[in-house]
Amino acid sequence: MKLSRRDFSVGMAATLAAPALIKSAGAQGATIKIGMVLPVTGSAAEQGKFALNGAKLALEAVNKAGGVLGKQLELITEDDQTTNPGVVLAFSKLASQSDIVAFLGSIRSTQVHAMAPDVLKLGKPVAIGGTDPNLTHMGNKWLFRFRPNDSYSGSVIADYGTNTLGKKKWAVLHSTDAFGTAGGKALTEGLSKLGITPVLDQGYANQSQDFTPVVLAIKQSGADVLGSYFTFENDLGIFARQLRQLGVNIPWVGSPSIVGVSSTRLAGASLYGTYGVADYAEESSPTAKAYGKAYRDAYKLAPDNQSAWTYDAINVLAKAMNTAKSTEPEKIRSAILAIKGYEGAEGQYNFDENGDGLHGYNIVKNEKGTIVFDKHIEAKR
């Protein structure tokens, strides 16, 4: 089905005009329910708040525009505690409620992997933000990704650093979890296609407090450009400060976490002049700009990808149910896969048979704390 920019604009106009229906697990009522796991506690609690903000904006817009199938949409949330066991428990609590028709999963690939077996067993649509390419290629037809996967980010980072910045001696840094491992591999493969072998391929453990050995390895490698995949923004903030303190000032092109609100605040001037691939960039399209204005008006804060993907996910799920005229899982699934040309906050959604909706990235630069849009690169499929 073809979803126009007008669909988005009508919803945006209504975004702040009605209260959302957001309740904790166990809520009852004559509504259509969507479940959402998110970090309320743990190291990613701030990012969980941003994710909820985006979902709330979409919920308000959908309900003001008439809801879903004549009913109001309701969001049921559970704390995933920023851990794999936590997300499994949170999802199981939501899945036990038979009247929840669809779900929002995690932005963390490692957490999506943890909950994926239960998603497959349940057999209901789950929107995800995790970018490990494997997530939509492991036979689980109920996962729908609302961010570009890292097979795109790796090639875009490699291309930009090599062909635009003119650098050849790459240090690749990544977390050792599912996200970081897949991202590091994607970047290395992207470089290989350009005839480049990294001078350093370095992993690190999440929630490290001292990155001195990692920084020294980069410094001693002779690298003239750094490419990174950080899972958690607090790790990136610590690393960035230590990188600069130890005198490493080479160009740096990072995965989306490098331009997150939390990262830029934690790292401050240490991230000035760095580049990132960003699935959400406020100046990348009229739709992204409209979402940015609504978010700023509502929360007095700049939006980032933590909130944009959940906004798009709620809107797409609502559109799919209204188009299918049903809340039956298979009919919702078919309606999502039929979506072509939907202008969302993150970009234009054209779902493929694997459940991937977006297929390109924006290149942005940190100009003294302001994230400036450079260009959009749509990857070839």
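Ala, Val, Leu, Ile, Met, Phe, Trp, Tyr, Cys and Pro count as nonpolar; Asp, Glu, Lys and Arg count as charged; the others, Gly among them, count as polar. This is a predicted model: local features need pLDDT of at least 70, side-chain atom pairs count only at pLDDT 80 or more, and totals for chains, interfaces and linings use all residues. Residues are numbered from 1 along each chain as its sequence is written, and side-chain values use heavy atoms, with hydrogens and water left out.

Q: How does the lining of the second largest pocket divide by class?
A: It has three nonpolar, five polar and four charged residues. Among the lining residues are D132, P133, N134 and K193. Lining means an atom within 4 Å of a pocket point.

Q: Why is the second largest pocket said to lie between domain 1 and domain 2?
A: Domain 1 (32–148 + 283–349) and domain 2 (151–278 + 364–378) both give residues to its lining, so it lies between them. The domain bounds come from an automatic or database assignment.

Q: What makes helix 6 stand out in the lining of the second largest pocket?
A: Helix 6 supplies the largest share, six residues. A helix here is a DSSP run of H or I, at least four residues; helix 6 spans 178–192.

Q: Why is T31 called buried?
A: Buried means under 20% relative accessible area (1.4 Å probe, protein chains only). T31 has 18%, so T31 is buried.

Q: What makes the pair T31 and E74 a polar contact?
A: The cut-off is N or O atoms within 3.5 Å, one able to donate a hydrogen and the other to accept it. The side chains of T31 and E74 make such a contact at 2.5 Å.

Key. Buried < 20%, exposed > 50% of the residue type's maximum accessible area, 1.4 Å probe, protein only. 1 Å grid on protein atoms, 1.4 Å probe; cavity = no way out; pocket = protein on both sides within 12 Å on 5 of 7 lines; lining within 4 Å. Helix = DSSP H or I, 4+ residues; strand = E, 2+ residues; numbered from the N terminus.
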